[in-house]
Every structure is written in C-alpha cells, then in structure tokens.
Amino acid sequence: MAYDSSSNKMNINWYPGHMTKAKRDLSKHLNMIDIVLEVIDARAPLSSVNPDFSPMFQGKKLIMVLNKADMADPAVTARFIEYFKNKGITAVSYSAKQPDRKKLMDCIGKVAEGIRERYVSRGMSYTVRALVCGIPNVGKSAIINTLYGSKKVTVANRPGVTRDLRWIRIGDYLELMDSPGLLWPKITNRQTGINIALLGSINEQILPEDDLALYIIDLLKKDHPGLLMERYRLSSLKETNVEILEDICSSRGMIIRGGEFDYERAESMLLEEFRNGKIGRFSLEEPHDD
Ligand code: G4P
C-alpha cells in the first residue's frame, strides 16, 4: 500500500481472491435480480458506495439503504436522503439495531409494485427478487435478519469472510439474495480509504490503527468536542491529537509498567468504540459532488 498523508491520493491494491470469485458468481445471477438493495453506512454514505456496482447492475431498480443510521448524525443523514433523491435515486435510512421493518418493506414494496403490476393485473403471481449487496461490515446480514424476523442468516463480522449466494423468502412476493461483502480493486481516494477503514470494511493491516485513531480524535476535536470530552471524561482538550490521546490513556487507566502510556490499547479502544457507536452519533462525511 502506498500512503501519502500529504495528499488526497492513496493506492490500496488489496483485493482478496475470494472477492474476484464472488463478483464472478454474482454476475452469473444477474438475470434473476429485479432490485438491488445497496447497503451503505449512514456515517459515510459516499465512501461506502462500491463504484463497481453501478455498471454491474445497469437496468436494475436500485434502493440505497443508509444503514447504521442509529450511529450517524440524523441531520446529516436527512441531507443525504435528499441528496440521493435529487439524483433520482431511491434512498432510505435504516438501523438494523433499531429496525423500522415497515419503513424498509414499504420502500421495497413501492419499487416492487412497478415490477409486479403487469403480472398481477393479468392475475399472475410474480416473485420479486432483490439482491442485498454492499462493502463488508455495512450490515447486510443484520438487515436480512430483521426482515426475515429471526437470526436465521449467519452474521459474519470480519471483512473478507465469504458467504455463499442464496435466496431467502420474505413474505408473499419477495425473495432476497444475500451476498458477500465486495470492495473494488483499487481505492485511490485517501479520504475514502480512511473512512472505510474506520467503518471496519477493510482489514486493519491496510491502514495503521494509530493514524485512524488520531484521525477520529482530530475530527471529534473540530466538529464534536463535547462528545470527545464527555465519553472520555476530559475536562479540556489539549492542543495536539497525541496529547489528547495521552489524556484518554490517563482517564481510562491505560498505562503500562514504568508509567508509560499504552497508546496501542487506547487506539484500538477508540476505533472499537467508534465502530460500535459508543462515542455518540456523528457522521464522517457530508453530501458532496466531485
Ligand atoms: P455485513 O453482512 O455487511 O458484513 O455486516 P453484518 O450484518 O455482519 O454487521 C456488521 C456489524 O455491524 C455487526 O456487529 C452488526 O451487529 C452491526 N450492525 C449492523 N447493522 C447495524 C445497525 O444498523 N446499527 C448498529 N449500531 N450496528 C449494526 P458485530 O459487532 O460485528 O456483531 P454482533 O456483535 O452484533 O454480533
């Protein structure tokens, strides 16, 4: 991986073999798919869109599901829904942790209606098939579980865990197909790389944890200082990000023998707490066109 912190360019050439295979397998099923539910992370909706999908799924109805909305800034999520709407894309916010199943089913139902009506008007039944896809860790399995109504579908929490393609019956007209998390071969935008690493969609080895943790501190310091101070019981925020990290070490008792700060433990903790939404509700990006 080439990483240049002074520019917005990076070159992540990590593309595991199983993703190439999964993409090939998916291509074989394309003719069976009516709707594509692309799951993205509401905290970074643009960074978590897979740019390979749009050419691959041309001609299919698309619904963008901004999942994990329970962890995102609700005002930013609302702006993203509007942003997608202005581009003519159906988008819905969702949380598989606090699921509003009816809202998502209504959204799918509306799109499916246009597909089913010509069959139903002739007295025929038609099963609408929707593919649930997205980059790793955005909540594809969790969403299917909420729609299915039980924890039937295996949840894999590591990026890169392969799952086979299969159809899951939901209600009387809909089948969903689960698919493994897919990335695109080259991540060239540095900000996108950072965001999807923070979301836990690429393996930790690709972007160093210390950079990511300091990035989170920096973002919070600028945009949500209150969240940072409250979560880590800090009475003020020091000048530099490293000093803030050291204060977090002190506050959490992350000190190793000899009185040294345990930076690594604090960095991992920060990232984990961000991924689980423990720091509070905030988003990594705002809608933008570039
Ligand atoms: P994937 O299929 O796209 O790879 O994602 P998956 O459903 O496995 O979800 C990845 C992690 O994100 C899981 O956490 C899951 O519980 C969590 N998650 C999914 N949707 C939401 C959501 O809307 N809100 C929140 N807050 N979390 C969500 P995990 O820690 O990896 O697993 P577990 O501890 O839940 O078993």
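Biologist: What share of the contacts in the protein with a separation of 6 or more comes from residues 24 or more positions apart?

Modeller: In this predicted model, residues 24 or more positions apart account for 69% of those contacts.

Biologist: And what does the secondary structure come to?

Modeller: The protein has ten helices and eleven strands.

Biologist: How many of the residues count as buried, as a percentage?

Modeller: Of the 290 residues, 48% count as buried. The protein exposes about 14,100 Å², and carbon and sulfur atoms supply 47% of that area.

Biologist: Let us turn to the helices. At what angle do H7 and H10 pack?

Modeller: Helix H7, residues 209–223, and helix H10, residues 263–275, pack at an angle of about 60°. Their axes are 9 Å apart. That angle makes H7 oblique to H10.

Biologist: Is the crossing of H7 and H10 left-handed or right-handed?

Modeller: The crossing of H7 and H10 is left-handed.

Biologist: Which residues meet there?

Modeller: From H7, the residues are Glu 209, Asp 210, Leu 212, Ala 213, Ile 216 and Ile 217. They meet Glu 267, Ser 268, Leu 270, Leu 271 and Phe 274 in H10. By class, this contact of H7 with H10 has seven nonpolar, one polar and three charged residues.

Biologist: What about H7 and H9: at what angle do their axes cross?

Modeller: The axes of H7 and H9 cross at roughly 100° and come within 9 Å. The two helices are therefore roughly perpendicular to each other.

Biologist: Which residues of H7 and H9 meet?

Modeller: Leu 214, Ile 217, Asp 218 and Lys 221 in H7 meet Asn 241, Val 242, Ile 244, Leu 245 and Ile 248 in H9. Sorted by class, the contact of H7 with H9 has six nonpolar, one polar and two charged residues. Ile 217 is also listed among the H7 residues that meet H10.

Biologist: Which residues of H9 are buried?

Modeller: In H9, residues 241–251, the buried residues are Asn 241, Ile 244, Leu 245, Glu 246, Ile 248 and Cys 249.

Biologist: What covers the buried residues of H9?

Modeller: The cover includes H7, helix H8 (225–231), strand S10 (255–256), strand S11 (260–261) and H10.

Biologist: Which residue just after H9 takes a positive phi?

Modeller: Gly 253 does, with a phi of about 65°.

Biologist: Which residues other than glycine have a positive phi?

Modeller: Asn 137 is one of them, with phi near 75°, and Arg 233 is another, with phi near 50°. Asn 137 sits in the loop between strand S6 (128–133) and helix H5 (140–148). Arg 233 lies in the loop between H8 and H9.

Biologist: What are their accessibilities?

Modeller: Asn 137 has a relative accessible area of 25% and is partly exposed. Arg 233 counts as exposed, because its relative accessibility is 74% and the cut-off for exposed is over 50%.

Biologist: A change of topic: where does Tyr 173 lie?

Modeller: Tyr 173 lies in the loop between strand S7 (166–170) and strand S8 (174–178).

Biologist: Is Tyr 173 buried or exposed?

Modeller: Tyr 173 is buried, with a relative accessible area of 12%.

Biologist: What is Tyr 173 in contact with, leaving aside its neighbours within four places in sequence?

Modeller: With those set aside, Tyr 173 is in contact with Met 105, Ile 108, Gly 109, Ala 112, Arg 116, Tyr 126, Thr 127 and Val 128.

Biologist: How many residues apart in sequence are Tyr 173 and Tyr 126?

Modeller: Tyr 173 and Tyr 126 are 47 residues apart in sequence. In space they are 6.7 Å apart, C-alpha to C-alpha.

Definitions and conventions. Residues are numbered from 1 along each chain as its sequence is written. This is a predicted model: local features need pLDDT of at least 70, side-chain atom pairs count only at pLDDT 80 or more; totals for chains, interfaces and linings use all residues. Side-chain values use heavy atoms; hydrogens and water are left out. Axes are lines fitted to C-alpha atoms, for helices over the stretch in contact, and angles run from 0 to 180 degrees between N-to-C directions. Helices (H or I, at least four residues) and strands (E, at least two) are DSSP runs, numbered from the N terminus. Angles under 35 degrees count as roughly parallel, over 145 as roughly antiparallel, 65 to 115 as roughly perpendicular and the rest as oblique. A crossing is left-handed if the near helix is turned anticlockwise from the far one by less than a right angle, and right-handed if clockwise. Contact means heavy atoms within 4.5 Å. Ala, Val, Leu, Ile, Met, Phe, Trp, Tyr, Cys and Pro count as nonpolar, Asp, Glu, Lys and Arg as charged, and the others, Gly among them, as polar. Buried means under 20% relative accessible area, exposed over 50%, partly exposed in between (1.4 Å probe, protein chains only). Accessible areas come from the Shrake-Rupley method with a 1.4 Å probe; for residues, only the protein chains shown count as cover.
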